[in-house]
Amino acid sequence: MNNFQNISPVLPANDLTAEIEFFEKLGFKNIYDSLRYTDKLDYAVLHRDGQSIHIQFQFEKDMPSKNAAQQIKIWVSDLDILESEFKELGFAINRRDNTPWGTHEFWFYSPAHNAIIFVQDLD
């Protein structure tokens, strides 16, 4: 029996407002943020297609460098449709097809320099 039900990454950001707006532009909905229980925005949960991404405030000194950004991979069933959607929104897409490990992939970076990688398995 599989016991795991979901894994939700927590991404760092020193400007949660910009990071939330970025993910909302990707079609995620802000379903919860810390402004519901405090006057400080330091945590948010965004949701799309049954998947959640958490964002947590980090001081600039604690953020990963631009060269060592956090990365998340989001597996999708149709990469081309998603790529068209994001290109229409003005995202600069970096794409790699037919990887040695059997995927097509594209990616771009959030305002906090988190690498958002979309992956379609070719099998």
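**View 1. A polar contact of 2.9 Å links the side chains of Glu105 and Thr103.** A polar contact is a pair of N or O atoms within 3.5 Å; within protein, one must be able to donate a hydrogen and the other to accept it, and residues adjacent in sequence count only if both atoms are side-chain atoms. The model is predicted: local features need pLDDT of at least 70, side-chain atom pairs count only at pLDDT 80 or more, and totals for chains, interfaces and linings use all residues. Residues are numbered from 1 along each chain as its sequence is written, and side-chain values use heavy atoms, with hydrogens and water left out. The side chain of Glu105 also makes a polar contact with that of Trp101 (2.9 Å).

**View 2. Glu105 is part of strand β7.** Strands (E, at least two residues) and helices (H or I, at least four) are DSSP runs, numbered from the N terminus. Glu105 counts as buried because its relative accessibility is 2%; buried means under 20% relative accessible area, exposed over 50%, partly exposed in between (1.4 Å probe, protein chains only). Beyond its neighbours within four places in sequence, Glu105 is in contact (heavy atoms within 4.5 Å) with residues including Lys73, Leu79, Asn94 and Phe118.

**View 3. Helix α2 spans residues 79-88, and Leu79, Leu82, Glu83 and Phe86 are buried in it.** These residues lie on the same side of α2, because they cover an arc of only 100 degrees around the axis, taken from the directions from the helix axis to the C-beta atoms. Ile81 and Glu88, on the other side of α2, are exposed.

**View 4. At the start of α2, a side-chain oxygen of Asp78 comes within 3.2 Å of the backbone nitrogen of Asp80.** After α2 comes Gly90, with a positive phi near 95 degrees.
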